[in-house]
Amino acid sequence: MKQKIITRTVWVLSMVSLFADVASEMLYPVMPVYLKSIGFSVLLIGVLEGMAEATAGLSKGYFGKLSDSKGVRLPFVRWGYLLAAISKPLLALSTYPLWVFGARTLDRLGKGVRTGARDALLSEEATPQTKARVFGLHRSMDTLGAVLGPALALVYLYYAPGQYQPLFFIAFVPGLVAVGLIYLLREKKKPAAPQGSSRYNFLSFMHYWAQSPALYRRLVTGLLLFALFNSSDFFLLLRMKEAGLDDTQVIGVYIFYNLVYALFSYPLGIAADKWGLKKVLLTGIGLFAVVYAGMAVAQHLWLFLVLFFLYGMYAAATEGISKAWITNICAPRDTATAVGTYTAFQSIATLLASSLAGFIWYRYGATAIFGLAAAMAVVVILYLAVAAREFPRESELS
């Protein structure tokens, strides 16, 4: 009997991510405006986002390792999405800076709690030959939420301009739906991973780097080098504003990008399973290089639409496929730790990338940061083409 590729668990986790992302992305267009309206300076907003991303990054590694050590996934997934859901209305309950910092950090902590365990569940539902399409479907549904969320926010703000606080309570509803869907899942408890000590600190996941397969370290080194020059999408949106696009056009292009990302994630996952994870991922990074080179010179809406179409293709060809590749080359008992460690370092690299991009933009202009990122993407392609394989030898997993 032919094994089912997209299982019930994969569908439920994908729907969970869709509703959770609707909740998060509903607030994306209004968050900076709301924070400024309650007295946050641009500097304070930067500090807030930096602390939040650092919390998410470090907690991904810690809770991924903890999930492996306990041999369970669902409790981490439930708590992670619940914390994120609760944080939405909390943001609107008070404008006191410490309260806002706490609520925003709670949201990012939830992401850290759930990421490694959720991706391990997805990996356990697939074979090495089907992981790209499983992760691709999940990314597709997740990104569909990034289309619906901003669209719903635009509709709301059309009828209630400037009324930001009720939107945080509205976003709580899809967040709760996401949490409720998780209770449709069941898991069999797996044997806990053998540990030398039962005590952990927040950075204990870093020990995995030294113990991981050499192939994992080579792959993740290339991905992190890429992340160091892949700054926040905020700079892409800012570049469009600089070129003269109005707010509606900028948000419209952003929604268009997410729609392309959502539509192509699953088909490119199928292509990666058929033709090879490495080929599709490196092609995706190549598209990134083209997009960033184009962003350095683009001035017209039609060209931005072309570039963001290619940017959506890049995201669909890399985000889920990189995780599929990582889970193929680590031992099954270390899946959540491997993904958590990578995403932790990736979050830190992205934070550094955005800081570096801001400095370069300030000193040398937008052309410099986009040109540098495009050049480094080519370097990463050459490195991964030589250094990384899709599957380890059996001796490398022990």
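A residue is termed buried under 20% relative accessible area, exposed over 50%, and partly exposed in between (1.4 Å probe, protein chains only). The structure is a predicted model, in which local features need pLDDT of at least 70 and side-chain atom pairs count only at pLDDT 80 or more, whereas totals for chains, interfaces and linings use all residues. Residues are numbered from 1 along each chain as its sequence is written, and side-chain values use heavy atoms, with hydrogens and water left out.

Phenylalanine 169 has a relative accessible area of 38% and is therefore partly exposed. This residue belongs to helix α7; helices are DSSP runs (H or I, at least four residues) numbered from the N terminus. Helix α7 spans residues 165–182, and its buried residues are Leu167, Phe168, Ala171, Pro174, Gly175, Ala178, Val179 and Ile182. Viewed down the axis of α7, these buried residues fall within an arc of 150 degrees, so they line one face of the helix. The arc is taken from the directions from the helix axis to the C-beta atoms.

Isoleucine 360 lies in helix α14 (residues 335–364). Isoleucine 360 counts as buried because its relative accessibility is 12%. Apart from neighbours within four places in sequence, isoleucine 360 is in contact with Gly365, Ala368, Ile369 and Leu372, contact meaning heavy atoms within 4.5 Å. The C-alpha atoms of isoleucine 360 and leucine 372 are separated by 9.8 Å, the two residues being 12 residues apart along the chain.

When residues up to four places away in sequence are not counted, isoleucine 326 touches Tyr216, Leu219, Val220, Leu223, Ala338, Val339 and Tyr342.

Technical notes: Helices (H or I, at least four residues) and strands (E, at least two) are DSSP runs, numbered from the N terminus.
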